[in-house]
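Hi,

Here is the structure I promised to pass on. Have a look, and my notes follow below.

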Amino acid sequence: MEERLCSACGAAVGEGEKFCSNCGALVQVEATVAPAPAAVGPAPEPASTPVATMAPAPAPQPAASQGKPLFNPNPKVPKEAKPPKAPKPKKEVVPVEKNNNPIGMWGYFLTLLVMCIPIAGIVVAVLLAIGKGKNIHRENLAKAVVILDAIGLVIFVAMLIVFMPIVKAILF
């Protein structure tokens, strides 16, 4: 039985593998023969003529690799670890302090009067509803006005669709 070793790191390499699973280098096979089981009986006599053995020449390594693996055996792990990025400083969120004091009768009157202006009133109502105001009660009033405006618009469109054929028949 023959065990294959990586020529770069010396780790064991499985049969048929072309690259070392430890370092990723191209496998240059260095075979080490496992010792044979001891035979029972007399030991063989050494040969009378010495046999000259020649070590195999090492295969040339590609110049581009320079000791680095030719591929990344584990694609989930990057070849070169990048230093961790410094965390971004968190922005402090400063809450807007809402005035919780109730507004008086004139406050409601003036707010509703401004919201009755045809286009500017809708803009003011939306801005107050999304929290641009400083009073929580005025904000809630604006939310109610925006909801009522939306309901009125839906009813208007529905009535227009239903009664438009009748109006056309009468007028034309």
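Which residues does A129 touch, not counting residues up to four places away in sequence? They are E139, A142, K143 and V146, where contact means heavy atoms within 4.5 Å.

Some ground rules before the rest. This is a predicted model, where local features need pLDDT of at least 70, side-chain atom pairs count only at pLDDT 80 or more, and totals for chains, interfaces and linings use all residues. Residues are numbered from 1 along each chain as its sequence is written, and side-chain values use heavy atoms, with hydrogens and water left out.

On confidence (pLDDT, the predictor's score for each residue, from 0 to 100), the protein chain has a mean of 75, with 65% of its residues at 70 or more. Helix 3 is highest at 91, while strand 3 (residues 30-33) is lowest, with a mean of 50. Helices (H or I, at least four residues) and strands (E, at least two) are DSSP runs, numbered from the N terminus.

Now helix 2 (residues 120-129): G121, A125, L128 and A129 are buried there, meaning under 20% relative accessible area with a 1.4 Å probe, protein chains only. They sit on the same side of helix 2, because they cover an arc of only 100° around the axis, taken from the directions from the helix axis to the C-beta atoms. The partners they pack against are helix 1 (105-115) and helix 3 (136-171).

In the loop between helix 2 and helix 3 you'll find N135, which is buried at 8% relative accessible area. Beyond its neighbours within four places in sequence, N135 contacts N99, N101 and I103.

Cheers

Terms used. Buried < 20%, exposed > 50% of the residue type's maximum accessible area, 1.4 Å probe, protein only.
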